[in-house]
Amino acid sequence: MVEPAIAALTDAIKKLGNASSLHSAGRSVRKDLEQAREQIAQAIDCAPSEVIFTATGTEANNLAIKGLYWLGVKKNKKVIITSTFEHHAVADPITWLAEHEGAQVVAIDVDRNGFVDLKQLATRVEEHKNNIALISIMHANNEVGTIQDINQVVKIAGDIPVHSDCVQSFGKVELSFKKLGVTAATISAHKIGGPLGVAALILRKGLDIEPVLHGGGQERDLRSGTFNAPGIISFAAAAANAVDNRKERELKIRELKSELIQTIKKNIPDAWVNGDQVKSLPGIVSITFPKTDSEGLLLLLDGEGIACSTGSACSAGVQRPSHVLMAMGLTEDETTSTLRFSLSYSNTINEIAKLGSVIATVVARSKAASGKK
Ligand code: PLP
């Protein structure tokens with residue numbers, strides 16, 4: 001967690017009131033909570049009343065997707081348009097709606113650079129025009145970092161509600177809910193150095209979607225449950241910190257990224273970077289090292305003090321090829337030869353140099369051990 005978020009959390013947990021209670025302790029916490037709502041609204045450029053606090057980005061995605069779908073169903077609209085490489089927190093609630101509630105899912109392809117095919121989107125929107133409940137397309141991809149042209153998606157959508165998962169882009173690149181033009185956007189605290197277990201759905205004013213959780217009626221009855229006031233207050237501090245320092249940090253991380261890519265290319269000429277490098281997040285780099293095994297490679301790098309992730313999803317201890325990389329046209333073998341490096345402003349050029357000094361040896365060892373031809 002970042003320092004301002006830790007400080008805010010430490011202060012806030014000392015206050016005992018429940019923000020929904022009328023007594024003075026409760027009112028005092030409520031005041032802090034509403035101030036936090038204003039800070040979040042300012043950070044993402046929306047109205048405070050458009051911020052709905054949830055526990056996780058996963059929950060906010062579920063609320064947006066199911067809520068907008070159920071709203072659509074009231075008007076006989078049962079089509080959901082999405083992309084083939086969404087995070088599971090978007091893809092899985094959509095699959096659930098298809099399996100349990102008869103939603104018809106149309107998944108738009110992405111190209112080799114990690115961009116959603118907007119021509120195909122326009123064609124599908126035209127085909128299903130009067131039956132579409134919502135479109136959900138992520139702003140920035142979590143595995144390859146590419147940033148979609150959401151303005152264009154909104155233009156194609158016309159009056160169809162658009163949800164965008166902005167968990168990866170919020171605080172990392174310029175992001176305005178108003179300018180994006182979407183109906184709903186998801187953000188999550190732990191991606192910007194805030195606490196775990198706090199997030200928000202930004203939902204356009206006046207839209208009364210069906211809630212997923214029913215109970216005490218908090219958050220305009222859209223998300224029942226006692227407020228995690230300390231978490232929310234800390235989230236707001238992290239958001240203000242991320243937005244205030246974004247430009248200089250983004251610049252520094254982009255420089256590190258460019259150095260990392262050059263270093264890898266110089267040492268491993270057959271390696272390639274996945275996804276567009278211009279329209280992308282500053283801190284995510286996905287690299288395929290052909291004929292290696294990414295798990296083995298990760299462990300060898302870990303032994304050198306370099307932490308990264310594999311390009312495959314680990315679920316219940318079982319490695320599966322990444323659906324993101326497969327959607328972009330990589331083979332299964334290539335996806336299990338892919339690593340993802342995440343860079344932050346606290347990384348240094350010396351760390352990149354260290355990677356450069358070990359990568360050739362480590363890749364050669366992984367190639368020899370992988371058995372891949
Ligand atoms: N969406 C994206 C793009 C993510 O990267 C993540 C988390 O990694 C989520 C959603 C889920 O957010 P949370 O961990 O807050 O549930």
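Predicted model: local features only at pLDDT ≥ 70, side-chain atom pairs only at ≥ 80, totals over all residues.
**Cysteines**

A disulfide is a covalent bond between the sulfur atoms of two cysteines. A search of the whole structure finds 0 disulfides. For C46, the closest cysteine sulfur is that of C166, at 11 Å, which is too far for a bond; a disulfide needs the two sulfur atoms within 2.5 Å. C166 is likewise in no disulfide, with the sulfur of C46 as its nearest cysteine sulfur.

Are these residues buried or exposed? C46 has 9% relative accessibility and therefore counts as buried. C166 has 0% relative accessibility, so C166 counts as buried too.

An open sheet is formed by 4 strands in the order 8-9-13-10, and their pairing is antiparallel. Which strands stand at the edges? They are strand 8 (272-274) and strand 10 (309-310). Each has a single partner strand, so one side of each is left without a neighbour in the sheet.

Strand 10 pairs with strand 13 (residues 338-342) over 2 bridges, in the antiparallel sense. In this part of the sheet, S309 is placed opposite R340 of strand 13.

**Helix pairs**

| Helix pair | Angle | Distance between axes |
|---|---|---|
| Helix 1 (residues 3-12) and helix 8 (residues 229-244) | about 155° | 8 Å |
| Helix 9 and helix 13 (residues 349-370) | about 15° | 9 Å |

The angle between helix 1 and helix 8 makes them roughly antiparallel to each other, because angles over 145 degrees count as such. Helix 1 passes helix 8 in a right-handed crossing. On the helix 1 side, the residues that meet helix 8 are P4, A5, A8, L9 and A12. Helix 8 contributes P230, G231, I233, S234, A237, A238 and N241.

The crossing of helix 9 and helix 13 is right-handed. Their contact involves L256, E259, L260, T263, I264 and N267 of helix 9. From helix 13 it involves I349, I352, L355, G356, I359 and A360.

How values were computed:
Residues numbered from 1 in each chain as written. Heavy atoms only, no water. Buried < 20%, exposed > 50% of the residue type's maximum accessible area, 1.4 Å probe, protein only. Pairing = 2+ DSSP bridges. Axes fitted to C-alpha atoms, helices over the stretch in contact; angles between N-to-C directions. Parallel < 35°, antiparallel > 145°, perpendicular 65-115°, else oblique. Left-handed = near helix turned anticlockwise from the far one by under 90°. Contact = heavy atoms within 4.5 Å.
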